[in-house]
Every structure is written in structure tokens, then in C-alpha cells.
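Subject: A structure for you to explore

Hello! Here is the structure I promised to pass on. Have a look at it first, and then read my notes below.

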Amino acid sequence: DVCRALAAVHLAGFVHSDVKAQNVMRELAGRIVLMDFGTGQEVAPINVTGRTELGGTPLYMAPEVLGGQPASARSDVYSVGVLLYRLVTSEYPVEGRSVDELRTAHMQGRRRLLSERRPELPLPFIQVVERALVADPERRYSSAGALLEALERGPIPAKRFLDRLERTQREDAPPPDEWND
């Protein structure tokens, strides 16, 4: 649902710029809603130094945005990758106590791979998340729609895994022994 909502935002020519767990809510009927478009924008404003002002949550920001580039559909994809990574690890793929530490961690390539943190997860899911988190925006999915398509295809669609994970969390039950069946 997050990817679908974000895909509509991207098709309209906007970016959200602050996709994070706190901006994803579930209605009583079960529908997932993407909230808080306060930092969303059509075109990133450029300040007098030629760098964009940071708007959003640094731990979810793409490296290029932390470096001063404007937010884009690809930076929103990165944020969804962080959201998915955090959902299954309770950690962030890149951590720092300040924006400067985060920038340094990104520049030094200190991203923790999902395949190393949770190798038991379905490989298609791991591959999708890791591609969403690639430092080079040109190697990420071009939009939330492309990310959604990747989550839905494959021999074991990652979406099936996410649905199972969501049910497990909602029911407050332990996770299944085998995620890949």
C-alpha cells in the first residue's frame, strides 16, 4: 500500500521526501495510509549555495539528499528501502548520531547489507530491498511503481512475504520457522 500511494505521488510529479515508519498509518479497516506531506515537494528549492535544504528524517534520507542534492522519486525509493529494512531488522542500514556522521557513513560505504543481517529471509525480498538501498540513485528503482512491480514479481513474490510478516505482527504471534514456503 505504501508503494501504491507513493507511486501515485510520483505519477503526479511530486516527491514525498519523508517516507518513514511514523508517516505510515493503518486505518481501522486495515488500509495502509501514507501521511505527512509537509516536506513533499514538486521541485526541490535550491538555496544560495546551490544545495537543497534538508527536509525529512536523516536516517531515512538517501545519500545524495544528505549531500545536498534535491529529493527525487529515487530518493523516496531509498526511504522505502530503509522502511522495509527496519521492518525486518529493527535497525537502520546506515547509522550515525548526527547528519555529519550519516554523511560520512554513506561516503565510506558503511551500509549493513540485509543479506548479512537476515540471510534467512526470502532472497527475492532481500534483493529488492538491497537494490532500493543502493548508494547510486541511478542503480535504484526509478520510482515507487517500479519498486512495487519488483516486490510483486518473482517465483516467491516479496509481497507475499510482507503480507505474512504483517499478519504475524498484527496477531502478535512469533514469526514462522520458514519464510520461504
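In which loop is S90 found? S90 sits in the loop between α3 and α4. Helices (H or I, at least four residues) and strands (E, at least two) are DSSP runs, numbered from the N terminus.

Before the rest, a word on what you are looking at. This is a predicted model, in which local features need pLDDT of at least 70 and side-chain atom pairs count only at pLDDT 80 or more, while totals for chains, interfaces and linings use all residues. Residues are numbered from 1 along each chain as its sequence is written, and side-chain values use heavy atoms, with hydrogens and water left out.

**Two serines with positive phi**

Back to S90: its phi is positive, about 65°, although S90 is not a glycine. At 58% relative accessibility, S90 counts as exposed (exposed means over 50% relative accessible area, buried under 20%, partly exposed in between, with a 1.4 Å probe and protein chains only). S17 also has a positive phi, near 75°, and is a residue other than glycine. You will find S17 in the loop between α1 and β1 (24-26), and at 10% relative accessibility S17 counts as buried.

**Two helices side by side**

Two packed helices are described by the angle between their axes and the distance between the axes. Helix α1 (residues 2-11) and helix α3 (residues 73-89) pack at about 170°, and their axes are 11 Å apart. Here the axes are lines fitted to C-alpha atoms, for helices over the stretch in contact, and angles run from 0 to 180 degrees between N-to-C directions. α1 and α3 are therefore roughly antiparallel (angles over 145 degrees count as roughly antiparallel, under 35 as roughly parallel, 65 to 115 as roughly perpendicular and the rest as oblique). On the α1 side, V2, C3, L6 and H10 make the contact, and on the α3 side A73, D76, V80 and L83 (contact means heavy atoms within 4.5 Å).

**The core**

The largest nonpolar core has 42 residues, and L6, V80, L114, F125, V129, Y141 and L147 have the most contacts inside it. A nonpolar core is a set of buried Ala, Val, Leu, Ile, Met, Phe, Trp, Tyr and Cys residues joined through side-chain atoms within 4.5 Å. The largest share of this core, eight residues, comes from α3. Leaving aside neighbours within four places in sequence, Y141 touches several residues, including R74, V77, Q127 and L147. Helix α6 is mostly covered, with seven of its 10 residues buried; among them are F125 and V129.

**Salt bridges**

Side chains of opposite charge can pair when their charged atoms come close. How many salt bridges does the structure hold? There are nine salt bridges (a side-chain nitrogen of Lys or Arg within 4 Å of a carboxyl oxygen of Asp or Glu). One of them joins E152 and R4, at 3.1 Å from N to O. This pair links distant parts of the chain, since E152 is in helix α7 and R4 in helix α1, 148 residues apart. E152 is partly exposed at 36% relative accessibility, and R4 is partly exposed at 40%. R97 forms a salt bridge with E101, and their closest N and O atoms are 3.3 Å apart. R97 counts as exposed at 76%, whereas E101 counts as partly exposed at 31%.

Enjoy exploring!
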